[in-house]
Amino acid sequence: MAEGILLEPVAREKLLPEASRVLRLEVALPQIRAVIAGETDAVALQATLACLLWEALPQTNWCGFYRRVGESQLAVGPYQGTMGCLRIDFARGVCGAAARTRSVQRVPDVHAFPGHISCDARSRSELVIPVVNQGELRAVLDLDSPHLDAFSEREAEILHAFVDEILGAPGVVF
Ligand code: SME
């Protein structure tokens, strides 16, 4: 299976209704779990999650990770989508806010978020999930969409729990 997981084909960047998006995640996540079972290398996990969440979340135009480098900076990691910023300081943007506060940032309209970094001018909404392992902020999962309000609270909860389960596990080597 070249795609790795089996999901209904959906056009790239299409925004499905919320219930369909949640259902698609519920179908995708067990398959993703099976694909990565036993892997402990953080880059291998992040690259595979970026690839498969990109399929699970067709509303995205950017799906991937920023890794913590140094005290208060993020550097781009494995991702799918249009070119992202290479470095983001903790003080800046939605990713910086997630890294600094270690809390999920769900931004239905990025233009209403002070300091939002516009890497792709088409991005309208964003969901950023902190990756914490053994008490350390290691990375953030950044999801961007060209649609307004493309990520619901339920999707945020599901993805937060999933990222925590996979990348928050004590055996993962960063
Ligand atoms: N919009 C993000 C920057 C990351 S790139 O768009 C991929 C932010 O404000 O943190």
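**View 1. Helices H1 and H2 cross at roughly 155°.** The axes of H1 (residues 18-36) and H2 (residues 42-56) come within 10 Å; axes are lines fitted to C-alpha atoms over the stretch in contact, with angles from 0 to 180 degrees between N-to-C directions. H1 and H2 are therefore roughly antiparallel (angles over 145 degrees). Their crossing is right-handed, that is, the near helix is turned clockwise from the far one by less than a right angle. This is a predicted model: local features need pLDDT of at least 70, side-chain atom pairs count only at pLDDT 80 or more, and totals for chains, interfaces and linings use all residues. Residues are numbered from 1 along each chain as its sequence is written.

**View 2. Residues where H1 meets H2.** From H1 come Arg24, Leu25, Ala28, Ile32, Val35 and Ile36; from H2, Leu45, Thr48, Leu52 and Ala56. Contact requires C-beta atoms, placed from the backbone, within 7 Å. By class, 8 of these residues are nonpolar, 1 is polar and 1 is charged (nonpolar: Ala, Val, Leu, Ile, Met, Phe, Trp, Tyr, Cys and Pro; charged: Asp, Glu, Lys and Arg; polar: the others, Gly among them).

**View 3. H1 and H2 in the setting of the chain.** The chain holds 4 helices and 6 strands (DSSP runs of H or I, at least four residues, and of E, at least two, numbered from the N terminus). Their order along the sequence is α-α-β-β-β-α-β-β-β-α. Of the 174 residues, 34% are buried (20 or more other C-beta atoms within 10 Å of the residue's own, with C-beta atoms placed from the backbone). The C-alpha atoms fill a box of roughly 40 × 35 × 25 Å along the principal axes.

Key: A residue is buried if 20 or more other C-beta atoms lie within 10 Å of its own, exposed if 12 or fewer, and partly exposed in between; C-beta atoms are placed from the backbone. Angles under 35 degrees count as roughly parallel, over 145 as roughly antiparallel, 65 to 115 as roughly perpendicular and the rest as oblique. Two residues are in contact if their C-beta atoms, placed from the backbone, lie within 7 Å.
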